[in-house]
Amino acid sequence: MSAFLVALGLVFVIEGLLFAAFPGPARRAALALLETPEHTLRIVGVVSAALGVALIWMIRQLS
């Protein structure tokens, strides 16, 4: 459970740094998300989640 909380915290750190360093592009990206069709967002979300699971699995296998 602590590894999950650390990973969640890291997500917040990365997002916060992106918004702090590049506020204009971050705003444009957020606006682009509003215009993106739902089915495209779902596909991107599922692919991202699958890649994340594969990456975690590979790291766990190597250590």
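Me: Let's start with W57: does W57 count as buried or exposed?

Reply: W57 counts as exposed, at 54% relative accessibility, where buried means under 20% relative accessible area, exposed over 50% and partly exposed in between, with a 1.4 Å probe and protein chains only. This is a predicted model, in which local features need pLDDT of at least 70, side-chain atom pairs count only at pLDDT 80 or more, and totals for chains, interfaces and linings use all residues. Residues are numbered from 1 along each chain as its sequence is written, and side-chain values use heavy atoms, with hydrogens and water left out.

Me: Where is W57 found?

Reply: W57 is found in helix α3; helices here are DSSP runs of H or I with at least four residues, strands are runs of E with at least two, and both are numbered from the N terminus. The chain has three helices and zero strands.

Me: And how far apart are W57 and A3 in space?

Reply: Their C-alpha atoms are 14 Å apart, while in sequence W57 and A3 are separated by 54 residues.

Me: Which residues does the transmembrane annotation cover?

Reply: The unreviewed UniProt entry annotates residues 42-59 as "transmembrane region"; UniProt positions are given in the numbering used here, feature names are shortened, and annotations may be inferred rather than shown by experiment. Over residues 42-59 the model is 100% helix and 0% strand, with the end C-alpha atoms 26 Å apart.

Me: Switching topic, how many salt bridges does a search of the whole structure find?

Reply: The search finds one salt bridge, defined as a side-chain nitrogen of Lys or Arg within 4 Å of a carboxyl oxygen of Asp or Glu. The side chains of R42 and E38 form that contact, at 3.4 Å from N to O, and both residues lie in helix α3 (residues 38-62), four residues apart, about one turn of the helix.

Me: What is the radius of gyration of the chain, against that of a compact globule?

Reply: The chain has 15 Å, whereas a compact globule of 63 residues would have a value near 11 Å; the radius is taken over C-alpha atoms, and the globule rule is 2.2 Å times the number of residues to the power 0.38. Along its principal axes the C-alpha trace spans about 40 × 30 × 20 Å, and 2% of the 63 residues count as buried.
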